[in-house]
Structures are given as C-alpha cells and as structure tokens.
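Hi,

Here is the structure I promised to pass along. Have a look at it first, and then read on for my notes.

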Amino acid sequence: MPRISRLDRSEVSPELTTIYDRYLQERGNVPYFFRTVAHRPQIFETMIAHMEAVLRTGTLSTKLKELVVVRTSQLNCTTYCLASHTAISLKLGWTTEHLEALKDWQTSSLFSEAEKEAIHLAEVMTLRSHEYSDEDMARLRRFYSEGEVVELMASIGLFNYFNRFNNMLRMEPTQPATAEELAEAGVEPAHA
C-alpha cells in the first residue's frame with residue numbers, strides 16, 4: 001500500500017499527460033515514483049527535465065551512468081530503483097554478472113580501471129563523501145574530464161535523492177500500465 005497515492009494519467013494536467021504518454025510509449029509504464037511526485041506538477045516537470053539532462057546529455061555514456069546508478073541504489077538498498085535501473089542497465093549492455101560483481105568491484109576483472117574509479121566515486125559519495133581524498137580525485141581525473149566528473153557526480157547525487165525518497169515511501173517496483181491507460185495514450189500493448 002503506497003504511503004502517498006499515485007496519480008493515473010487521467011488525474012494529471014495536460015502538460016503532465018504529455019510526459020506520462022512519453023514514458024508509456026518508451027517504457028510501457030509511468031514509474032510509480034513519477035506518479036507520486038506528480039502531486040506537485042512543477043517539481044515533477046523539473047525533476048524529469050533534470051533527470052533527463054543528467055542521464056542523457058554530456059560526453060559520458062548513459063551505460064556508464066546507469067552502472068553508477070545501480071551501485072548507488074545497491075548501497076542504499078533501494079528495491080524500487082534497483083528493479084528499474086537493473087532492467088535499463090541490461091538493455092544498455094551490462095550483464096547480470098556485471099551488476100552482481102558491483103558488490104566486489106575492487107577484485108573483479110569485469111570492469112576497466114576507469115569504470116572502477118567511477119564505482120569508487122559512487123561508493124564514497126554515497127556512504128562517506130567527506131572522505132574522498134585528493135588522491136582519489138587525481139585517480140578519477142586520469143580517466144575523466146572535469147565535465148565528466150560533474151556528470152558522474154550528478155548521476156550519483158540524483159539517485160541518492162531518488163533512493164531516499166523511494167525508501168521513505170516504501171515504493172514497490174512499478175508494474176506495467178493497464179491496457180486502458182496505454183489505449184488512452186495511443187500506445188499498443190506489448191505482446192508476449
């Protein structure tokens with residue numbers, strides 16, 4: 001039972017319906033987190049814009065950003081974000097083995113040195129941000145420009161926010177949209 005109700009497509013303004021329809025088209029659902037935040041349209045609209053800027057722009061791949069998102073969500077024990085971003089990561093080319101190996105990334109041969117530095121940043125930023133040393137930053141900067149460091153930190157920081165929000169609300173993983181909601185949005189249901 002959600003702690004705060006989730007708004008269906010029929011309950012939001014036309015501006016938000018446009019966002020709902022895009023997610024229904026792209027993913028076959030509107031994440032429950034989004035449906036909850038939709039109670040405050042300005043927060044919802046700016047949150048979506050910020051998330052898309054963080055994950056879909058810049059010079060780093062969305063694939064790498066999703067890897068640090070999954071590690072951040074693992075550390076925060078956020079079932080909701082793990083369900084969603086594990087699926088996204090698998091579609092982007094990470095394997096189940098990669099995502100499981102994140103727990104022991106230091107000794108894993110599945111990650112490059114650059115990827116390991118990004119994972120290390122995610123861990124320290126999530127668990128003990130005051131302890132990220134100048135030496136840590138120097139190692140990170142061997143692989144990433146200043147702008148790319150900002151991209152990594154924005155991805156990690158955004159999901160620390162999302163993780164805490166979803167943990168507090170005890171958000172359960174999003175289910176596919178109903179056939180009725182898909183039809184209202186003009187989306188054909190996926191056939192198994």
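This is a predicted model: local features need pLDDT of at least 70, side-chain atom pairs count only at pLDDT 80 or more; totals for chains, interfaces and linings use all residues.

**The H1/H3 pair**

Let's start with helix H1, residues 14-27, and helix H3, residues 41-56. Their axes lie 10 Å apart and the packing angle is about 40 degrees. Angles under 35 degrees would count as roughly parallel and 65 to 115 as roughly perpendicular, so H1 and H3 come out as oblique to each other. The crossing of H1 past H3 is left-handed.

As for who touches whom, the H1 side brings Glu15, Leu16, Ile19, Tyr20, Arg22, Tyr23 and Glu26. On the H3 side you'll find Pro41, Phe44, Glu45, Ile48, Met51, Glu52 and Arg56. Sorted by class, that contact has eight nonpolar and six charged residues, and no polar ones.

Some of those charged residues turn up again in a salt-bridge network: Arg22, Glu26, Glu52 and Arg56 are linked in it. Arg22 and Glu26 belong to the H1 side of the contact, Glu52 and Arg56 to the H3 side.

**Salt bridges elsewhere**

The model has 15 salt bridges by the count used here.

- Asp21 and Arg9: their side chains meet in a salt bridge at 2.5 Å, N to O. Asp21 sits in H1 and Arg9 in the segment before H1, so the pair links distant parts of the chain, twelve residues apart. Arg9 has 14% relative accessibility, and the cut-off for buried is under 20%, so Arg9 counts as buried.
- Arg139 and Glu117: the closest N and O atoms are 3.4 Å apart. This pair also links distant parts of the chain, with Arg139 in helix H8 (residues 134-141) and Glu117 in helix H7 (residues 113-127), 22 residues apart.
- Arg128 and Glu131: here the closest N and O atoms are 3.3 Å apart. Arg128 is partly exposed at 34% relative accessibility, and Glu131 is exposed at 53%.

Cheers

Definitions and conventions: Residues are numbered from 1 along each chain as its sequence is written. Side-chain values use heavy atoms; hydrogens and water are left out. Axes are lines fitted to C-alpha atoms, for helices over the stretch in contact, and angles run from 0 to 180 degrees between N-to-C directions. Helices (H or I, at least four residues) and strands (E, at least two) are DSSP runs, numbered from the N terminus. Angles under 35 degrees count as roughly parallel, over 145 as roughly antiparallel, 65 to 115 as roughly perpendicular and the rest as oblique. A crossing is left-handed if the near helix is turned anticlockwise from the far one by less than a right angle, and right-handed if clockwise. Contact means heavy atoms within 4.5 Å. Ala, Val, Leu, Ile, Met, Phe, Trp, Tyr, Cys and Pro count as nonpolar, Asp, Glu, Lys and Arg as charged, and the others, Gly among them, as polar. A salt bridge is a side-chain nitrogen of Lys or Arg within 4 Å of a carboxyl oxygen of Asp or Glu. Buried means under 20% relative accessible area, exposed over 50%, partly exposed in between (1.4 Å probe, protein chains only).
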